[in-house]
Amino acid sequence: MQVPSFSILAYSALFGTISLTSCSKDQQARPAQPEQQAQAQAELAYPNQTGELKTGEWGGQPVSYQEINGDKVYEGDILLTSEQLATSAGGQQRPGSAGRTTGRWPSGVVYYAIDPALPNQARVTGAIAHWQANSPVRFVQRTTQTAFVTFRVGSGCSSNIGRTGSQQYINLASGCSTGNTIHEIGHALGLFHEQTRADRDAFVNILTQNIQSGYEGNFTKYTDLGYGGTDFGALDFGSIMMYGSFSFSSNGQPTIVKKDGSTFNIQRTGLSAGDKSGIDVMY
Ligand SMILES: [Zn+2]
């Protein structure tokens, strides 16, 4: 199944090209957008905002997050709950990039609701249809269940991680595409970002000097934070949970490159073969 994915930047680049053409006669052409800006964007809960860097404890291990507008933002677009941060030692174990040990949805059934105020709800129904066509996970509209996902308007694209046990949210700003929504559902199912895998250094180099200040934590291996987890298969450059080479770049230079130094594109069209096999093991 093909799911269209149009980022707001892709639209910007497209419009930029159109205006470049239409303005060329009066010499008002603007410089072309850098190539990497035409790529889909990695998700952020609060674009252009950074919060106070805080350290808490999750599953008995230290974890760094940013507090922005009262939310505990981890890896850019994951919202940790107060309950998760309060989990005592020996409790939850942090999930791996494509697998996890807690917070799964029983029988792979996710109960959900869509806030009537959310514009363009086809992003949600399209993302749900994609997950159902490509995984054993099923989505059922919530009736009286206490644990469910509500899709609602947000400042950016963000999600809680795993099943929290109560109402949890996937927040979608107008720029969040169907592909971004598929990604956020991945977090709600318990998936972390592919580049935080324990074994990622065998596949990529992280160019810390090019990362926007305040976003370095988006590139931290979960094992560096002391978490256990499960990684399935090899690092998947095509994963919908993987950043692109230029994600969170401060200077237009890459933040992640392959071991041979080459760059790669971010993918927000749909689940990769690796995503599917990982989620099959989980669910
Ligand atoms: Zn994410």
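Student: Hi! Let's start with G103: buried or exposed?

Tutor: G103 is buried, because its relative accessible area is 18%. Buried means under 20% relative accessible area, partly exposed is in between, and exposed is over 50%, using a 1.4 Å probe and protein chains only.

Student: What kind of model is this, by the way?

Tutor: It is a predicted model, where local features need pLDDT of at least 70 and side-chain atom pairs count only at pLDDT 80 or more, while totals for chains, interfaces and linings use all residues. Residues are numbered from 1 along each chain as its sequence is written, and side-chain values use heavy atoms, with hydrogens and water left out.

Student: Got it. Where does G103 sit, and what does it touch?

Tutor: G103 is in the loop between α2 (82-86) and β5. Helices (H or I, at least four residues) and strands (E, at least two) are DSSP runs, numbered from the N terminus. Not counting residues up to four places away in sequence, G103 touches G162 and R163; contact means heavy atoms within 4.5 Å.

Student: Switching topic: which residues hold the zinc ion?

Tutor: The protein donors are D77, through two OD entries, and H183, H187 and H193, each through NE2. They lie 2.0 to 2.5 Å from the zinc ion. Donors are N, O and S atoms within 2.8 Å of the metal (3.2 Å for Na, K and Ca), and sites may look incomplete since water is not among the atoms.

Student: How are those donor residues spaced in sequence?

Tutor: The spacing reads D-x105-H-x3-H-x5-H. H183 and H187 are 4 residues apart in helix α4, so about one helical turn separates them.

Student: And H183 and H187, buried or exposed?

Tutor: H183 has 0% relative accessibility, so it counts as buried. H187 is also at 0%, so it counts as buried too.

Student: You mentioned α4. How does α4 pack with α3?

Tutor: Two packed helices are described by the angle between their axes and the distance between the axes. Here α3 (residues 122-134) and α4 (residues 178-189) pack at about 60°, with axes 8 Å apart. Axes are lines fitted to C-alpha atoms, for helices over the stretch in contact, and angles run from 0 to 180 degrees between N-to-C directions. The two helices are therefore oblique to each other; under 35 degrees counts as roughly parallel, over 145 as roughly antiparallel, 65 to 115 as roughly perpendicular, and the rest as oblique.

Student: Which residues make the contact?

Tutor: From α3, they include V124, A127 and W131, and from α4, they include T181, I185 and L189. The residues of this contact divide into 8 nonpolar, 5 polar and 1 charged. Ala, Val, Leu, Ile, Met, Phe, Trp, Tyr, Cys and Pro count as nonpolar, Asp, Glu, Lys and Arg as charged, and the others, Gly among them, as polar.

Student: Can you zoom in on T181? Buried or exposed?

Tutor: T181 counts as buried because it has 0% relative accessibility. Leaving aside neighbours within four places in sequence, T181 is in contact with R123, V124, A127, F151 and L172.

Student: Now strand β7. What does V149 touch there?

Tutor: V149 lies in strand β7 and, not counting residues up to four places away, its contacts include W105, A113, I170 and A188. Its C-alpha atom is 6.2 Å from that of A113, 36 residues apart along the chain. At 2% relative accessibility, V149 counts as buried.

Student: Last one: what is phi of N48?

Tutor: Most residues other than glycine have a negative phi. N48 has a positive phi, near 65°. N48 lies in the loop between α1 (8-23) and β1 (52-58), and it counts as exposed because its relative accessibility is 79%. N120 also has a positive phi, near 50°, and counts as partly exposed at 48%.
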